[in-house]
Amino acid sequence: MKIIFSGGGTGGHIYPALTLIETIKEKYPQAEILYVGTKKGLEADIVPKADIPFATINIEGFARKLSLHNLVVVGKAAMGLLKARRIIKKFSPDVVVGTGGYVSGPLLMMAALMKIPTLIQDQNAVPGVTNKILAKFVTKIACGYESACKFFPADKVQLTGNPIRKDVLSYTRSEAIKKLKLDPAKKTLLVTGGSRGARRINEAMLDVYKSFANSDKLQILHITGKTEYERFIDSVKRENIDLAKVSNIQIKPYLYDMPQALAAADVIVSRAGAIGLAEITARGLASILVPYPYAAENHQEYNAKALVNAKAAKMILNKELNGQALIVMLEDLLQSPADLLQIAQNSKKMGYPQAVDNIVSMIVSIVK
C-alpha cells in the first residue's frame, strides 16, 4: 500500500497527518508513505525530522483582496498542478490524503483527475472554500465536526472526529499531578496559547494571578509560549507580583509533554484550534476558549461556538478578553462544582478518542 499525505502551513494541518501516518505504520508495516508539502511551510522542518520521505510543491494562498500578487499565485497554482502530476506519476500511490493547507489542493485535485482514490480530513466546524470545492472531486471526506458534514455530499462524508495523539489519553490525573508537582486537593487551571503563545491571554492572566495568588482552591499552570515568556515575566515584575511568595502558580515557556498537563487540568484557557479542541474533548475538559481572531475564514470562532452551543465550553472573544472577564468566568465555574462537572461531561460527549482508527479504516477502504 502506497499513500501520499499532504498538509501544510500550520501544525493543525501537519500533526493530524503525522498521527495518521504513525497509526498506519503500526497497522501496516509494509506501507510506503510520501509526504508532500512546501519548502517554506512548517512541514519542511517537522516532517523530515519524523523520518518520513518528503517532497515539495511551490504554492501559496491568495491574498484576501485584489492584488497583482494574486496573478503570481495563479501562476504558481498552475505549476503546482504540473508538479503534483509528476510526483503522483513517479510515486504511483494507491490513495492520496489531504489534511489541509494550500499545498493539499493541487495534490487532491490532480489525483482525483487521474482516477486515484482521495480522502479529505477536514478539521473545522465550518469547512474552508478549498475543501468545499475539492469535495466535488474526491472519493471520501472525514469530518472533524458534525456541523461540517452538511457542507459535503452525503454519500461521501463520514463523521469521524479529529485524530489525536495516543499519549493524550495515556496519563491519569493523579500521575500527571504528581509529575508536575501540583497539589491534588486543588483544582488545576491550565493556560496555553499554543507553542508561540497568545499575548492577549497572557496579559489577561496578570489580573488572574492577583485574584487567585495563594488560593486554597485553585492552582495555575501557565504555558506562555517561548516567544512570549520573557516579555510576560517582565510584566509580572512590573505588576509587583512576587512569584517567590506565591505557592500555587507555575509559569513555563513551553511544555513538551502537553498530554501530561491536559491530564492534570480541571479547566483550560486556550485558543480554539481544531486539534487542540479534539484533545480537550477527548479528555472531557471544561474550557474557556479565546478564538484566535485572524485564523483563516474565522475557523476558530466557529470551532469554539460548536462547543459553546453544546454547553461543553465557555467563550470570550479576543476583543472582549481582559483580566476581569476571565476572573468572573473562572469564579463562576469554581463556585458551582455541578456546573463545572456538567460542562466537562458535555465536553467528553463531543470527543472522538477513536478518530484516528476510524480515519485509517476509511483510507484503507478506498485503496485502489
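How many residues of domain 1 are in contact with how many residues of domain 2? The count is 13 residues of domain 1 against 11 of domain 2, where contact means heavy atoms within 4.5 Å.

Before the rest, the conditions. This is a predicted model, in which local features need pLDDT of at least 70 and side-chain atom pairs count only at pLDDT 80 or more, while totals for chains, interfaces and linings use all residues. Residues are numbered from 1 along each chain as its sequence is written, and side-chain values use heavy atoms, with hydrogens and water left out.

Now the domains. The assignment gives domain 1 as 2-163 + 354-366 and domain 2 as 173-350; such bounds come from an automatic or database domain assignment. Taken over C-alpha atoms, the two centres are 31 Å apart. About 980 Å² is buried between domain 1 and domain 2, and carbon and sulfur atoms give 60% of that area. Buried area here is the accessible area (1.4 Å probe) that two parts lose on being put together, summed over both.

Next, helix pairs. Two packed helices are described by the angle between their axes and the distance between the axes. Helices (H or I, at least four residues) are DSSP runs, numbered from the N terminus. Axes are lines fitted to C-alpha atoms, for helices over the stretch in contact, and angles run from 0 to 180 degrees between N-to-C directions.

Start with H8 (residues 199-212) and H13 (residues 323-335): their axes come within 7 Å and cross at roughly 45°. That makes H8 oblique to H13, given that under 35 degrees is roughly parallel, over 145 roughly antiparallel, 65 to 115 roughly perpendicular and the rest oblique. The crossing of H8 and H13 is right-handed, that is, the near helix is turned clockwise from the far one by less than a right angle. The contact residues divide into 8 nonpolar, 3 polar and 2 charged. For these classes, Ala, Val, Leu, Ile, Met, Phe, Trp, Tyr, Cys and Pro are nonpolar, Asp, Glu, Lys and Arg charged, and the others, Gly among them, polar.

H13 also meets H14 (residues 337-349), with axes within 5 Å and a crossing of roughly 100°. H13 is therefore roughly perpendicular to H14. Leu333, Leu334 and Gln335 of H13 make the contact with Pro337, Leu340 and Ile343 of H14, a set of 5 nonpolar, 1 polar and no charged residues.

Last, H1 (residues 11-27) and H15 (residues 355-365) have axes within 10 Å, crossing at roughly 70°. So H1 is roughly perpendicular to H15. This crossing is right-handed.

How values were computed. Helices (H or I, at least four residues) and strands (E, at least two) are DSSP runs, numbered from the N terminus.
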